[in-house]
There are 2 protein chains.
Amino acid sequence: MKPLRLGIAGLGHVGCGLIELVEKQDKLRLPGPVEVTGVSARSRGRNRNADISSYRWFDDAATLAGDDDIDVFVELVGGSDGPAKFAVETALKAGKPVVTANKALIALHGAALADLASENNVDLLFEAAVAGGVPVVRALRDSLSAVEVSRVSGILNGTCNFLTTEMLKTGRSYEEVLAEAQKLGYAEADPTLDVSGMDAAHKAAILSAIAFSADLDFSKVAVEGVEGVELLDLTFADRLGYRIKLIAEGVLTEDGVVCRVAPKALPHEHPLARVNGSLNTVRVEGEPLGAVVLTGPGAGAGPTASAVMGDIAKLFTPSARPAFGRADHHSGRPFTTEINDERSAYFLRVRLEDRSGALAELTEALAAEGVSVDKLMQDSADENGAAPIAIVTHVCSNAEINAARKRLSGLSSPIDAPLLIRIEAAA
Amino acid sequence: MKPLRLGIAGLGHVGCGLIELVEKQDKLRLPGPVEVTGVSARSRGRNRNADISSYRWFDDAATLAGDDDIDVFVELVGGSDGPAKFAVETALKAGKPVVTANKALIALHGAALADLASENNVDLLFEAAVAGGVPVVRALRDSLSAVEVSRVSGILNGTCNFLTTEMLKTGRSYEEVLAEAQKLGYAEADPTLDVSGMDAAHKAAILSAIAFSADLDFSKVAVEGVEGVELLDLTFADRLGYRIKLIAEGVLTEDGVVCRVAPKALPHEHPLARVNGSLNTVRVEGEPLGAVVLTGPGAGAGPTASAVMGDIAKLFTPSARPAFGRADHHSGRPFTTEINDERSAYFLRVRLEDRSGALAELTEALAAEGVSVDKLMQDSADENGAAPIAIVTHVCSNAEINAARKRLSGLSSPIDAPLLIRIEAAA
């Protein structure tokens with residue numbers, strides 16, 4: 001298969017992350033080979049994580065976009081107007097598909113750009129523009145195209161979600177937590193685009209246009225941010241049974257699509273109430289589906305670059321895709337039966353005869369194989385004289401737990417077969 | 001655009017659900033028109049939700065699969081061998097793409113069928129075979145193809161998850177809850193395939209083959225079900241800080257892919273621990289993504305039929321797909337600004353002067369516009385003499401809350417601008 005030749009404009013974190021993915025593509029599951037042909041950025045000399053010396057350099061993004069030696073134009077410049085928009089238009093007019101992570105560009109000019117793409121019969125893809133690494137754009141557009149969506153809602157700005165989560169958790173003020181977020185890189189030096197709700201609004205408008213086959217009109221989106229939310233509001237709401245979060249939503253009404261971003265109070269038991277920190281999440285509701293929820297990292301170089309590359313993968317000359325996505329050049333891995341060096345903690349439940357020494361015999365059997373007890377709980381014996389015991393072990397190896405399992409079957413006092421199951425590590 | 005002509009074999013709940021979607025396709029977002037050409041099922045005369053009298057009838061699924069007048073063969077017969085397998089092979093050999101919801105068929109014979117599909121350069125699609133309406137197959141295969149997956153795990157059997165959730169919630173035994181699940185239709189009359197873990201294992205094997213470019217070998221999958229889990233285990237685990245759930249997982253190791261299904265104990269704070277009832281959920285972990293989680297209805301006629309139709313939508317003659325998925329035949333909806341008949345409860349926070357009558361003035365202002373108080377909480381005044389008050393209102397209309405908002409701005413005692421935000425309804 002001929003390599004897909006990329007022209008990448010914009011070499012910030014995401015652009016460099018994308019180049020990293022190109023370089024380790026033999027470890028990925030792309031349908032065919034990709035290569036970087038040309039790159040463009042504001043400054044050629046800047047220190048970067050990626051070595052760009054072997055790629056053709058373009059001073060100007062639009063020149064790269066129109067170059068004959070690229071098959072796909074990747075726009076990572078940013079900004080709703082100016083060079084990004086002009087370069088994307090140039091690529092589309094030249095009949096080249098475009099992949100972009102630029103939410104402002106798509107939210108403000110997506111309708112016109114989509115028309116331009118259609119006129120030239122090329123793809124305009126922007127998975128990375130909404131919710132970073134969460135594959136919601138294509139899920140909504142393609143996989144869920146048989147769902148009559150009634151509402152799409154979610155947490156679409158990680159900075160705002162980090163702010164409200166941390167304020168409540170630590171009891172600190174908006175200003176203190178914002179300063180921390182800026183230090184950690186979760187918030188920009190100028191956080192306005194995020195905290196005003198504008199960034200979430202861009203994403204919500206894009207999702208609404210897809211979900212409802214709607215004419216994207218960003219001027220109709222109502223936008224409210226988190227600047228007015230105080231620690232007091234979060235604690236009051238919590239005591240009354242709610243979490244306050246910045247919620248972006250698109251709702252289908254008889255008059256059209258209402259798209260808006262504002263803080264909302266979510267009942268504690270609501271699935272979105274528990275999405276904490278800088279995560280993004282999208283909930284799609286409609287018939288005959290019910291609802292699906294997609295959650296993951298909404299920003300960051302890695303997740304965003306993987307979403308960009310996922311779009312690029314779509315652009316290989318269309319033919320039937322292998323059923324499991326496994327192309328000839330992917331090294332097939334075997335299924336196997338056991339993780340040899342696996343270590344895990346275990347939950348063990350046994351019933352023992354209610355007599356002295358029985359518990360000691362159990363714990364000695366475990367200890368003899370190097371399995372030590374983290375927590376133990378015993379209840380009163382039942383009417384058959386069987387005392388139920390639950391044990392949480394410390395982490396041990398497969399060999400240790402298998403040996404302990406054998407010993408347990410040789411105990412003098414167990415009443416029935418024990419239950420022994422792995423404990424999942426914290427996520 | 002020429003309609004895509006479907007041949008549907010199997011007219012149970014999912015088949016009838018699919019026919020319903022075909023009939024209301026003008027409300028969906030498919031890339032082009034679809035029509036049902038022929039159908040096949042065990043009995044022609046059976047009472048069904050769908051009227052099949054206008055479709056050509058085939059006594060035999062394989063004859064339908066090879067018919068010249070169908071473009072796509074939809075296999076909803078079920079069963080890993082026999083007529084389903086023969087019909088799918090017949091369609092692929094005839095150069096027709098196949099869409100199936102048959103997890104047993106794909107888990108056991110997927111590798112050979114994928115080869116057959118590749119030889120004939122046609123698609124073999126099975127989104128509906130894993131996690132029902134949750135669009136995880138295509139997300140994993142295509143959107144996440146630039147992610148080096150290290151682990152894929154999840155809750156893939158709704159029956160088992162319903163059982164363990166309900167037992168703990170209601171304190172009833174496995175047998176009692178199973179009987180209830182059978183009555184509610186959440187469990188089959190013969191529940192073996194579900195409770196033994198076999199159904200989840202089929203799905204986990206499929207996901208593992210995709211995630212790791214692995215040679216699907218179902219004989220290597222270790223399968224343990226929930227039959228051995230007692231109420232006692234669930235309550236003990238809960239008291240020790242864990243939820244027991246049937247977890248399906250595929251893990252990449254140096255020796256290959258370990259795929260297994262077994263009950264596991266999940267820490268209460270683990271995101272999968274809170275997935276309750278008959279939901280399915282899949283977590284994909286890998287670099288440079290981090291982790292994404294997809295949750296939704298894992299079974300049922302509607303969600304499964306929508307997944308089947310989502311696959312069918314993929315089979316339109318490949319050309320650039322409109323950027324927002326909006327084809328010419330989709331009626332574009334406008335964006336608009338307000339939901340006219342919207343009703344919502346509200347969270348209101350104000351600071352009032354700490355003097356008698358201030359609170360009465362506030363509640364009277366609300367009441368005058370028909371906004372009534374559900375909960376109210378007042379804290380001591382701060383050093384500036386400002387008493388913070390939080391109110392949860394009953395549900396009211398946009399008109400009522402907007403009028404109340406106006407009145408609030410005319411109060412004699414508020415210290416600063418109030419915060420007034422919507423409360424999200426329970427999901």
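The model is predicted. A 180° rotation, with 0.0 Å of shift along its axis, superposes chain A on chain B at an RMSD of 0.0 Å. The two copies are thus related as by a two-fold rotation axis.

**Symmetry**
- In chain A, A:L294 has the C-alpha nearest the axis, at 2.3 Å.
- Both copies use the same surface, since 100% of the contact residues of chain A recur in chain B.

**Contact between the chains**
- Contact involves 119 residues of chain A and 119 residues of chain B.
- On the side of chain A that touches chain B, strand β11 (residues 256-267) of chain A gives the most, with ten residues.
- That side of chain A holds 66 nonpolar, 26 polar and 27 charged residues.
- Strand pairing also crosses between the chains: β14 (residues 333-336) of chain A runs parallel to β11 (residues 256-267) of chain B, joined by two bridges.
- Opposite A:F335 stands B:V257 in β11(B).

**The six-stranded sheet of chain B**
- The sheet is open, pairs in parallel and has the order β3-β2-β1-β4-β5-β6.
- β3 (56-58) and β6 (124-125) of chain B are the edge strands; each has a single partner strand, so one side of each lacks a neighbour in the sheet.
- Two bridges link β6(B) in the parallel sense to β5 (residues 98-100) of chain B.
- B:V98 has B:L124 as its bridge partner in β6(B).
- Helix α1 (residues 13-23) of chain B lies across β1 (4-9), β2 (34-40) and β4 (72-75) of chain B.
- The helix α1(B) runs at about 155° to β2(B).

Technical notes
Residues are numbered from 1 along each chain as its sequence is written. Chains are lettered from A and ligands numbered from 1 in the order in which they are written. This is a predicted model: local features need pLDDT of at least 70, side-chain atom pairs count only at pLDDT 80 or more; totals for chains, interfaces and linings use all residues. Copies are superposed by least squares on the C-alpha atoms of residues with pLDDT of at least 70 in both. Two residues are in contact if their C-beta atoms, placed from the backbone, lie within 7 Å. Two strands pair if DSSP finds at least two bridges between them. Helices (H or I, at least four residues) and strands (E, at least two) are DSSP runs, numbered from the N terminus. Axes are lines fitted to C-alpha atoms, for helices over the stretch in contact, and angles run from 0 to 180 degrees between N-to-C directions. Ala, Val, Leu, Ile, Met, Phe, Trp, Tyr, Cys and Pro count as nonpolar, Asp, Glu, Lys and Arg as charged, and the others, Gly among them, as polar.
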